[in-house]
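Here is a friendly briefing to read with the model open beside you. It begins with the whole chain and then moves to a few selected residues.

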Amino acid sequence: MTEVSLRTADYQRVFAVLDRCESVRTVSEFRSRIVTAMTEAFPMRVATCFVGDRFDTQLSDPDATLAGAGSWESKRSDYHRHWARHDVFGTPEARRHLDAGRVASLRDLRELPDESAAYVRDYLDAFQMRSVNAMQLDLPGTGRAIVGLFDTDENALGPADLAALRLLARQLSVLTRSLDAEPLRDVLAPLTERQRQVARLVADGLSNAAIARRLTLTEDTVKKYVSRILAATGCSSRTQLAVDVQRQGLRPG
């Protein structure tokens, strides 16, 4: 692969996407955020994001997100019914590109099966999508995300843009590997207001005695509160409770 020098504008695009995504905590949040971030930072009309554990099922992801799709959104069901299994980025050649450099482009694929060639001709061409690209990201465990980028201009992404995507994929994967698979539950939801106060103080590392002094309670009362809180939240220990509360960013006022 020929080395391409990145321009200042390329780095700015990479940083813009990273900035938009750095606050996400779950795969669900990420898949919604990334498609908008990509269409804003790169000169592409449409972005998609598919998530899955296996290559053979990933592009059938029923919750795939889209941005800038316009009339393409109305054809989502058609894609899933007829074309997902023939998507060019599910082909062995595309997977080799994605595994090797995290980025694949239709223009680089030379060994399309007949069904995938039909996908390009009968589906992508119907929307005049000439620039067809994908970026692969790591998710927790064996999961991966495929971010698709599409435009009517076949030259929408040049060599420097693709190099920027490879850099972005490496940097984003540091974030996406540590995402939670599901939205964080509100661990304090089943608690009374007083129990929430105690839970927040536990999360701040206070002992039962310190909590008792802070809330003007007896230490025995605090022990009972903690026991009831653990039972209500399903946490196995005060350490787990503290971790769950801290991950939600909940602190005493």
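This is a predicted model: local features need pLDDT of at least 70, side-chain atom pairs count only at pLDDT 80 or more; totals for chains, interfaces and linings use all residues.

**Confidence**

- The average pLDDT of the chain is 89, and 94% of the residues score at least 70.
- Confidence is highest in strand β4, with a mean of 97, and lowest in helix α3 (residues 55-58), with a mean of 77.

**Overall form**

- The radius of gyration of the chain is 24 Å, whereas a compact globule of 253 residues would have one near 18 Å.
- The C-alpha trace spans about 75 × 40 × 30 Å along its principal axes.
- Of the 253 residues in the chain, 48% are buried.
- Among contacts with a separation of 6 or more, 63% are between residues 24 or more positions apart.

**Aromatic pairs and a cluster**

- The chain's count of aromatic pairs comes to seven.
- One of them is Tyr-79 with Tyr-123: the ring centres are 5.8 Å apart and the planes are at 45°, so this pair is tilted.
- Tyr-79 belongs to helix α4 (residues 76-83) and Tyr-123 to helix α6 (residues 114-124), so their pairing ties together parts that are 44 residues apart in sequence.
- Tyr-79 counts as buried because its relative accessibility is 6%, under the 20% cut-off.
- Tyr-123 also counts as buried, at 4% relative accessibility.
- Tyr-123 pairs with Trp-83 as well: here the ring centres are 6.3 Å apart and the planes are at 40°, so this pair is tilted too.
- That pair links distant parts of the chain, with Trp-83 in helix α4 and Tyr-123 in helix α6, 40 residues apart.
- Trp-83 is buried, as is Tyr-123.
- One aromatic cluster is formed by Phe-50, Tyr-79, Trp-83, Tyr-119, Tyr-123 and Phe-127.

**Gln-136 in strand β4**

- Gln-136 is located in strand β4 (residues 131-138).
- Is Gln-136 buried or exposed? With a relative accessibility of 3%, Gln-136 counts as buried.
- The side chain of Gln-136 makes a polar contact of 3.3 Å with the side chain of Asp-99.
- Beyond its neighbours within four places in sequence, Gln-136 is in contact with residues including Phe-55, Arg-95, Asp-99, Arg-102, Ile-146 and Ser-173.

- As a reminder, most residues other than glycine have a negative phi.
- Arg-102, although not a glycine, has a positive phi of about 70°.
- Arg-102 lies in the loop between α5 (92-101) and β3 (103-105).
- Arg-102 is buried because its relative accessible area is 16%, under the 20% cut-off.
- Gln-128 is not a glycine either, and has a positive phi of about 60°.
- Gln-128 is placed in the loop between α6 and β4.

**Arg-177 in a loop**

- Where does Arg-177 lie? You will find Arg-177 in the loop between α7 (159-176) and α8 (193-203).
- Arg-177 has a relative accessible area of 42%, so it is partly exposed, falling between the 20% and 50% cut-offs.
- A polar contact of 3.1 Å joins the Arg-177 side chain to that of Asp-138.
- Not counting residues up to four places away in sequence, Arg-177 touches Arg-102, Asp-138, Leu-139 and Pro-140.
- From C-alpha to C-alpha, Arg-177 and Phe-127 are 33 Å apart in space, and they are 50 residues apart in sequence.

**Thr-221 in helix α10**

- Thr-221 sits in helix α10 (residues 219-233).
- Thr-221 counts as partly exposed, with 29% relative accessibility.
- The Thr-221 side chain makes a polar contact of 2.7 Å with the side chain of Thr-218.
- Thr-221 and Asn-208 are 13 residues apart in sequence, and their C-alpha atoms are 9.1 Å apart in space.

Technical notes: Residues are numbered from 1 along each chain as its sequence is written. Side-chain values use heavy atoms; hydrogens and water are left out. Helices (H or I, at least four residues) and strands (E, at least two) are DSSP runs, numbered from the N terminus. Buried means under 20% relative accessible area, exposed over 50%, partly exposed in between (1.4 Å probe, protein chains only). A polar contact is a pair of N or O atoms within 3.5 Å; within protein, one must be able to donate a hydrogen and the other to accept it, and residues adjacent in sequence count only if both atoms are side-chain atoms. Contact means heavy atoms within 4.5 Å. pLDDT is the predictor's confidence in each residue, from 0 to 100. The radius of gyration is taken over C-alpha atoms; the globule rule is 2.2 Å times the number of residues to the power 0.38. Rings of Phe, Tyr and Trp (its six-membered ring) pair if their centres lie within 6.5 Å; planes under 30 degrees apart count as stacked, over 60 as edge-to-face and the rest as tilted.
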